[in-house]
Amino acid sequence: MKAVVYRGPRDVSVQNVPDPKIEKPTDAIVQITSTNICGSDLHMFEGRTDFEKGRIFGHENLGKVMEVGPAVERLQVGDWVCMPFNVSCGHCRNCEKGLTAFCLTANPQPGMAGAAYGFADMGPYQGGQAEYLRVPWADFNCLKLPPDAEQKQNDYVMVADIFPTGWHVTELAGMRPGDAVVIYGSGPVGLMAAHSAMIKGACNVMVVDRHPDRLRLAESIGAIAIDDSKVNPVDRIMELTHGLGADVGCECVGYQCHDPAGHEIPNLTMNNLVKSVKFTGGIGVVGVFVPQDPGATDDLAKKGEIVFDWGLSWFKGQHIATGQCNVKAYNRQLRDLIHAGRAKPSFIVSHELELSKASEAYQHFDARDHGWTKCILKPGK
């Protein structure tokens with residue numbers, strides 16, 4: 001089959017690789033028809049992780065079941081399915097609690113919890129930016145889709161990661177209907193957080209970024225766009241909230257955040273959130289932060305550490321929650337919102353490209369070129 005293979009920093013190519021096979025009775029093989037390039041892929045693409053050369057990218061995957069192992073009971077050949085980016089067993093202590101992002105079984109690396117397709121330090125599983133994907137524990141990990149799956153696959157594929165992750169950050173922050181919400185980062189996850197907050201009944205949603213195309217998308221769903229290259233975002237948020245600050249804040253950028261001049265400042269969004277969120281407010285963090293970053297600009301960041309405004313956060317009585325999204329906690333509900341027409345996460349999609357164009361797509365998306373807000377690869381198209 002053809003697949004997107006990592007060859008080194010900022011270097012991917014579409015290569016012929018061996019087809020995946022049923023390895024355990026609980027496996028399924030899925031023919032991938034839609035697979036997204038995610039902002040998390042860019043950390044690996046840029047060489048800012050220890051993702052191994054020769055592995056296949058892709059953790060946002062949707063397609064048709066082509067083959068099932070003898071122990072698979074819920075799936076049939078021909079079913080349309082979307083896979084959470086989490087690979088999880090369904091029966092360990094964490095999975096039984098719904099914490100599928102921290103499965104204790106799926107990742108064989110000692111001392112690690114949690115696994116994912118095509119992701120650094122998240123187990124040996126190949127990614128789905130390919131024509132086919134092996135899905136372990138398929139009964140648990142495949143979300144069956146409604147009859148409109150093929151027509152709405154650009155929406156349903158977002159349920160693999162970014163839509164539930166955007167929903168998750170509002171949950172981490174403790175958002176309730178009527179809250180004022182501030183979101184730092186208007187990339188795909190930040191836009192999904194804004195979409196989620198709107199659906200959940202926020203009184204207003206403020207989105208901080210500096211890319212005009214992304215801010216226009218935020219405005220298109222009723223959010224207030226704040227361009228931090230033109231105004232101080234904290235001052236603007238305080239102005240919009242009558243000096244109180246937002247009820248909750250969402251960090252959707254991560255450890256490679258930059259100031260408007262292009263300088264990398266890993267603690268920028270976290271400290272701005274502390275200033276932007278009210279006394280006793282909540283902050284959710286789903287932007288990726290890593291335990292070590294050899295490519296960082298300072299010694300603290302190389303160790304995965306930042307200078308954090310803990311004193312002000314403590315004084316304000318804020319609560320902070322973090323971590324990857326447990327996709328299965330949300331994916332059924334979000335699938336049903338899409339099916340009912342209440343959610344349309346595909347509004348962020350700017351490009352649909354055949355798999356052979358993956359290298360070009362990575363270059364444009366990584367450069368944040370104007371108009372490249374979300375790219376879906378279409379194997380077999």
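Asp-213 is found in helix H7. Helices here are DSSP runs of H or I with at least four residues, strands are E runs of at least two, and both are numbered from the N terminus. This is a predicted model: local features need pLDDT of at least 70, side-chain atom pairs count only at pLDDT 80 or more, and totals for chains, interfaces and linings use all residues. Residues are numbered from 1 along each chain as its sequence is written, and side-chain values use heavy atoms, with hydrogens and water left out.

Start with the setting of H7. Helix H7 covers residues 212-220 and forms a right-handed β-α-β unit with E9 and E10. Right-handed means that, with the strands pointing away from the viewer, the path from the first strand over the helix to the second runs clockwise. Strand E9 (residues 204-209) pairs with strand E10 (residues 224-227) in the parallel sense, over 4 bridges. Pairing requires at least two bridges found by DSSP between the strands. Asp-209 sits opposite Asp-227 of E10.

Now return to the helix. Does Asp-213 count as buried or exposed? Asp-213 is buried, yet has no salt bridge. Buried is under 20% relative accessible area, exposed is over 50%, and partly exposed lies in between (1.4 Å probe, protein chains only). A salt bridge needs a side-chain nitrogen of Lys or Arg within 4 Å of a carboxyl oxygen of Asp or Glu. The nearest side chain of opposite charge is Arg-214, 5.1 Å away. Lys and Arg count as positive, Asp and Glu as negative; His and the chain ends are not counted. A polar atom of the Asp-213 side chain lies 2.5 Å from the backbone nitrogen of Gly-371. Beyond residues up to four places away in sequence, Asp-213 touches Asp-369, His-370, Gly-371, Trp-372 and Thr-373. Touching, or contact, means heavy atoms within 4.5 Å.

Asp-41 counts as buried because its relative accessibility is 0%. Its contacts outside four places in sequence include Phe-57, His-59 and Tyr-362. The side chains of Asp-41 and Gln-129 make a polar contact at 3.3 Å. Such a contact is a pair of N or O atoms within 3.5 Å; within protein, one must be able to donate a hydrogen and the other to accept it, and residues adjacent in sequence count only if both atoms are side-chain atoms.

Strand E3 (residues 28-37) joins strand E4 (residues 61-68) through 7 bridges. E4 also pairs with strand E5 (residues 80-83), over 4 bridges.
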